[in-house]
Every structure is written in structure tokens, then in C-alpha cells.
Amino acid sequence: MLESSLVYIIARTFPESIVAVLSGMILLGINIDKGKVLKYGIYLGFIISIIRLLPINFGVHSILSMIAVWMILFKNSSNDIIKSIVSTCLVWISLALSEGIYILIATDILNIGVEKLMDNTSLNGAIITLPSLLIMFLIVILIKYIKCNILKFNIRD
């Protein structure tokens, strides 16, 4: 079980979920509807919060969260299973990369302690990690640019 405070869930989990849904829609090439992104992002935030309360190992939480993202993207991709799976994986890779990049920036350049970055119970812990979401979004934009302009690669369009 991964314990988080309500403040942390509101300040970090919901924004992260909204960015994950937005990122998935960008990678799928779906027209962005702010209302849909917000609705599905909040829905995903609730699902992830519930998953984190389950008495299971952390790795299993991640897999279940990926499945939740995939289901949302699958529903929004006109039921294209391949595109939604690839987009979900790219969202997760972007999230992992952004967290790693931000930890390096925060600890080496900004001199923020790892303990503060790993604090998932306080508002300060949530706010201090929000820049990683911007990094994630920039990685997704870069992936989309590479996919569309450099590789000229489309998955089952």
C-alpha cells in the first residue's frame, strides 16, 4: 500500500493524471477536447488513488495504473487496440524519463534533498515534484514531433 495524503492526491495525482491523458491523446493524434481531458484525467486520478490504497506491491500498482490509462486511451482511440497500447507505453516511458530527469535536476542543480522529493504525504512534497510534469509533457511533444516529422511513421492510420 502506498500511503498518500488527500492534499497530495489533489495537488499531484490529479494533475499527473490529467497530463497523462492529455499526453496519450496527443500521441494518438486525437483532437484535444479540454472537457474530455479534464473528465478522463480526474477519473484516472480517482482510479490511481484507489489502486494505491490496495495492499499490493508497488510494481503491481504501476501495471494496474497503466491498464487504467490504456482503457481510457482505448475508448478515445475509436477502439484501436494497437495505437492505444503503443501510446500508453510511450506515456509511461515519458513519465519515467521525466521523473529521472527531474530528480537529477532537483538534486544536483537545485540541491533539493531526495527525502523531500519522495515525500508523498504533504503539499510541499506534491508541489516540489510538479515540474516533472512539464518535463513529461515536453518529452511527449518531442516524441510526437519525431514520430510525425522525422520518422514519418504512423501506426495503422
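Student: How do the residues lining the largest pocket divide into nonpolar, polar and charged?
Tutor: In this predicted model, the lining of the largest pocket consists of 14 nonpolar, six polar and four charged residues.

Student: And how many residues line that pocket in total, and which lie nearest its centre?
Tutor: The lining has 24 residues, and those nearest the centre of the pocket are Arg12, Glu16, Arg52, Phe58 and Glu99.

Student: Which elements give two or more residues to the lining?
Tutor: They are α1 (6–28), α2 (34–53), α3 (58–76) and α4 (81–109). Of these, α4 gives the most, with six residues.

Student: How much space lies in the pocket?
Tutor: The largest pocket holds about 670 Å³ of space.

Student: Let us turn to α3. How far apart are its end C-alpha atoms, and what span should it have?
Tutor: The end C-alpha atoms of α3 are 28 Å apart. The helix has 19 residues, and at 1.5 Å a residue these should span 27 Å, so the two values agree.

Student: Which residues of α3 are buried?
Tutor: The buried residues of α3 are His61, Ser65, Ala68, Val69, Ile72, Leu73 and Asn76. Seen down the helix axis, the buried residues of α3 fall within an arc of 130 degrees, and therefore they line one face of the helix.

Student: What about the face turned away from the buried side? Which exposed residues does it carry?
Tutor: That face of α3 carries Ile63 and Lys75, which are exposed.

Student: What covers the buried residues of α3?
Tutor: The cover of the buried residues of α3 includes α1, α2 and α4.

Student: Asn76 was in that list. Is Asn76 buried or exposed by its relative accessible area?
Tutor: Asn76, a residue of helix α3, has a relative accessible area of 11%. The cut-off for a buried residue is under 20%, so Asn76 is buried.

Student: What does Asn76 touch, leaving out residues up to four places away in sequence?
Tutor: With those residues not counted, Asn76 touches Met25, Ile30, Lys36 and Tyr40.

Student: Tyr40 belongs to α2, I think. Which residues of α2 are buried?
Tutor: In α2, the buried residues are Val37, Tyr40, Gly41, Leu44, Gly45, Ile48, Ser49, Ile51 and Arg52.

Student: How far does α2 reach?
Tutor: From its first C-alpha to its last, α2 reaches 29 Å. The helix has 20 residues, and the value is close to the 28 Å expected at 1.5 Å a residue.

Student: New topic: α4. What span should it have, and how far apart are its ends?
Tutor: There are 29 residues in α4, which at 1.5 Å a residue should span 42 Å. The end C-alpha atoms of α4 are 41 Å apart, so this agrees.

Student: What do the buried residues of α4 pack against?
Tutor: They pack against α1, α3, α5, α6 (123–129) and α7 (131–150). The buried residues of α4 include Ser87, Val91, Ser94 and Ala106.

Student: What relative accessible area does Ser94 have, and what does it touch?
Tutor: Ser94 is buried, with a relative accessible area of 0%. Not counting residues up to four places away in sequence, Ser94 touches Met136, Ile139, Val140 and Ile143.

Student: And Gly24? Where is it found?
Tutor: Gly24 is found in helix α1 and counts as buried, at 0% relative accessibility. Gly24 touches Leu73, Ser87 and Val91, when residues up to four places away in sequence are not counted.

Student: Back to α4, then. What does Ala106 touch, with residues up to four places away in sequence not counted?
Tutor: On that basis, Ala106 touches Asn111, Ile112 and Leu117. Ala106 itself counts as buried, at 0% relative accessibility.

Student: Is Asn111 buried or exposed?
Tutor: Asn111 has a relative accessibility of 63%. The cut-off for an exposed residue is over 50%, so Asn111 counts as exposed. Asn111 lies in the loop between α4 and α5 (114–117).

Student: What phi does Asn111 have?
Tutor: Asn111 has a positive phi of about 55 degrees, although it is not a glycine. Most residues other than glycine have a negative phi.

Note on methods: Residues are numbered from 1 along each chain as its sequence is written. This is a predicted model: local features need pLDDT of at least 70, side-chain atom pairs count only at pLDDT 80 or more; totals for chains, interfaces and linings use all residues. Side-chain values use heavy atoms; hydrogens and water are left out. On a 1 Å grid over the protein atoms alone, a cavity is a set of points where a 1.4 Å probe fits but cannot get out, and a pocket is an open set with protein on both sides within 12 Å along at least five of seven lines; lining residues have an atom within 4 Å of a point. Grid points are joined across faces, edges and corners, and a volume is the space filled by probe spheres set on the points. Helices (H or I, at least four residues) and strands (E, at least two) are DSSP runs, numbered from the N terminus. Ala, Val, Leu, Ile, Met, Phe, Trp, Tyr, Cys and Pro count as nonpolar, Asp, Glu, Lys and Arg as charged, and the others, Gly among them, as polar. The expected span of a helix is 1.5 Å times one less than its number of residues. Buried means under 20% relative accessible area, exposed over 50%, partly exposed in between (1.4 Å probe, protein chains only). The arc is that of the directions from the helix axis to the C-beta atoms. Contact means heavy atoms within 4.5 Å.
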